[in-house]
Amino acid sequence: MLLSRLFRSFRNKDPAEKQQKALPARVLLEIAKLQQTETQRAISQLTIGAFYFAMRSCEYVKVPASEKRRTDIVRLRNVVFRRNATILPHDSPDLHLADYVSITFEMQKKDEKSDRVTQHITHHEIMCPVRAWAAIIKRIRSYPGADDATPVSAVWRNNRIEHITSKNIVNAIDNAAEAIGYANLGVEKGDFGTHSIRSGGAMAMALDDVPPFRIMMIGRWSSDTFLKYIRKQVDQFSHNISSRMNKHMHFRHIPIVD
């Protein structure tokens, strides 16, 4: 008991952990404006693709060993497209017109295996999971030596297959946020990171009233811990709630009968 109190007092004195803030899709659209090089195209495709599946950074880019968990990176074989319930091969010219794309996460943080998540086409020119993942697959399949086992982080640089890193992603996010203006986003430099894409996906679903259990399924959360990504500081999160609270000005408690 004494030790637990002591440890609790230490925790209370520690500064609050600074969590990365949720990334709005607007930042991803800004990243998409810069697609002049193969690396920039890869980063844009990956950030948009990861957003719709609320992916952990280690699931789609190369991360430092210190950030590596038991989670496996997604490989080309894990991405499947279907149209009219029929699987489209990766070399199909209609890949971007598939009805939906499914990703199988072979091994995850909590030893969960072969968890499949599906997202449907949005028909938006840029913000669409099917279009983003079709572009990723077509780009990587065009590289010499690419096969089913090639990670989705692959990019052709220096006449060989290299990999997009978490640092590449952070730099792209920072550049886009700076272009938009940190004040316009209500953040400061350094508030965003690779985890911001995962929390941004959760936030986007929550702001449109997607039920919590569906958010958990898409992001593969095994508990309600995803709620910590839903930030009260976001203006839109409380939109119209005060009006909805006025709907029931009076209520009567049920008497307790002994």
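This is a predicted model: local features need pLDDT of at least 70, side-chain atom pairs count only at pLDDT 80 or more; totals for chains, interfaces and linings use all residues.
Residues are numbered from 1 along each chain as its sequence is written, and side-chain values use heavy atoms, without hydrogens and water. Local features need pLDDT of at least 70 and side-chain atom pairs pLDDT 80 or more, while totals for chains, interfaces and linings use all residues.

Colleague: Why is Leu 227 called partly exposed?
Modeller: Its relative accessible area is 44%. Buried means under 20%, exposed over 50%, and partly exposed in between, with a 1.4 Å probe and protein chains only, so Leu 227 is partly exposed. Leu 227 sits in the loop between helix 8 (212–219) and helix 9 (241–245); helices are DSSP runs of H or I, at least four residues, numbered from the N terminus.

Colleague: What makes Cys 58 and Cys 128 buried?
Modeller: Cys 58 has a relative accessible area of 7% and Cys 128 one of 0%. Both values fall under 20%, so both residues are buried.

Colleague: How do you know that the length of helix 4 agrees with its number of residues?
Modeller: The expected span is 1.5 Å times one less than the number of residues. For the 13 residues of helix 4 (residues 129–141) that gives 18 Å, and the end C-alpha atoms are 18 Å apart, so the two agree.

Colleague: Which residues does Trp 133 contact beyond its neighbours within four places in sequence?
Modeller: Among them are Gly 49, Phe 53, Phe 81 and Val 152, where contact means heavy atoms within 4.5 Å. Trp 133 is one of the buried residues of helix 4.

Methods:
Helices (H or I, at least four residues) and strands (E, at least two) are DSSP runs, numbered from the N terminus.
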